[in-house]
Amino acid sequence: MKRFLLIALLPLMLAACQRETGADPLKLTGKMFVFNYRLAYATYMITLDRIAPVPEGSVVKAEFENPAGGAPLTLERKLFANLKRVALESPDLSCVKKGKPYKVAISVVGPDGATLQTLQAEVTSTLDQSALPAKALVVGPGYDKNPEVFKDGKTPEHFEMATCPF
């Protein structure tokens with residue numbers, strides 16, 4: 001009787017150990033704008049946590065709405081098996097407006113080109129681009145003062161701030 005019961009329950013026990021198919025491999029955990037005042041640029045920063053395995057050779061593709069208008073800014077990152085968190089930082093931006101939501105589209109693509117997951121997000125800045133200086137305050141690997149900003153090594157009375165052409 002025990003043997004019959006074990007054989008009858010074995011398929012149920014094995015089924016309970018398997019992961020559901022179709023579970024999303026990544027979870028959106030963070031989204032924001034990063035303003036780097038020293039280097040005078042802004043970027044999108046998106047973080048994703050891996051919650052399920054993905055096939056070797058999979059990539060994450062992101063399209064960021066361009067605050068200056070025009071085509072979206074794109075980014076592609078390979079997913080590595082040992083990394084539990086994925087950070088996506090866009091190319092440098094201009095014309096970011098405070099309080100305006102900007103769209104981000106993310107897709108996880110398998111090695112065969114099939115889409116495994118898609119994510120949509122909106123990122124809203126708490127600052128305008130005008131909070132940044134017009135030129136980088138420092139240059140080079142040693143973060144030396146930018147001679148275009150600090151004439152003769154002296155701090156200007158007012159820093160020129162970034163502007164959007166429209």
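Guide: Ser90 sits in the loop between strand 5 and strand 6, where strands are DSSP runs of E with at least two residues, helices are runs of H or I with at least four, and both are numbered from the N terminus. The model is predicted, so local features need pLDDT of at least 70 and side-chain atom pairs need pLDDT 80 or more, while totals for chains, interfaces and linings use all residues. Residues are numbered from 1 along each chain as its sequence is written, and side-chain values use heavy atoms, with hydrogens and water left out.

Ser90 has a relative accessible area of 5% and is therefore buried (buried is under 20%, exposed over 50%, partly exposed in between, with a 1.4 Å probe and protein chains only). Setting aside residues up to four places away in sequence, Ser90 touches Thr43, Tyr44 and Phe64 (contact means heavy atoms within 4.5 Å). A polar atom of the Ser90 side chain lies 2.9 Å from the backbone nitrogen of Tyr44. Such a polar contact is a pair of N or O atoms within 3.5 Å; within protein, one must be able to donate a hydrogen and the other to accept it, and residues adjacent in sequence count only if both atoms are side-chain atoms. Ser90 and Glu63 are 27 residues apart in sequence, with 8.7 Å between their C-alpha atoms.

Thr43, one of the contacts of Ser90, belongs to strand 2. Its relative accessibility is 1%, so Thr43 counts as buried. The side chain of Thr43 makes a polar contact of 2.9 Å with the side chain of Glu89. Apart from neighbours within four places in sequence, Thr43 is in contact with Met32, Phe33 and Val34, and also with Glu89, Ser90, Pro91, Asp92 and Leu93.

The loop between strand 5 and strand 6 also holds Cys95. Cys95 is buried because its relative accessibility is 2%. The phi angle of Cys95 is near 70 degrees, a positive value in a residue other than glycine. Tyr143 also has a positive phi, near 55 degrees, and lies in the loop between strand 8 (138-139) and strand 9 (144-145). At 45% relative accessibility, Tyr143 counts as partly exposed.

Leu48 is in strand 2 and is buried because its relative accessibility is 0%. Leu48 touches, among others beyond four places in sequence, Leu26, Thr29, Val60, Val86, Leu88, Ile106 and Leu119. Leu48 and Lys27 are 21 residues apart in sequence and 5.3 Å apart, C-alpha to C-alpha. Ile106, with the same exclusion of residues up to four places away, touches Ile46, Leu48, Val60, Lys61, Ala62, Leu88, Gln117, Thr118 and Leu119.

The model also holds 1 cavity of 30 Å³ or more. A cavity is a set of points, on a 1 Å grid over the protein atoms alone, where a 1.4 Å probe fits but cannot get out; lining residues have an atom within 4 Å of a point. The largest cavity contains about 40 Å³ of space, and its lining consists of Arg50, Val54, Pro55, Glu56, Gly57, Leu79, Phe80 and Ala81. Glu56 lies in the loop between strand 2 and strand 3, and at 59% relative accessible area Glu56 is exposed. Glu56 touches Ala81 and Pro111, not counting residues up to four places away in sequence.

As for the whole, the protein has 1 helix and 9 strands. Of its 166 residues, 34% count as buried. Among contacts with a separation of 6 or more, 60% join residues 24 or more positions apart.

Notes
1 Å grid on protein atoms, 1.4 Å probe; cavity = no way out; pocket = protein on both sides within 12 Å on 5 of 7 lines; lining within 4 Å. Points joined across faces, edges and corners; volume = space filled by probe spheres on them.
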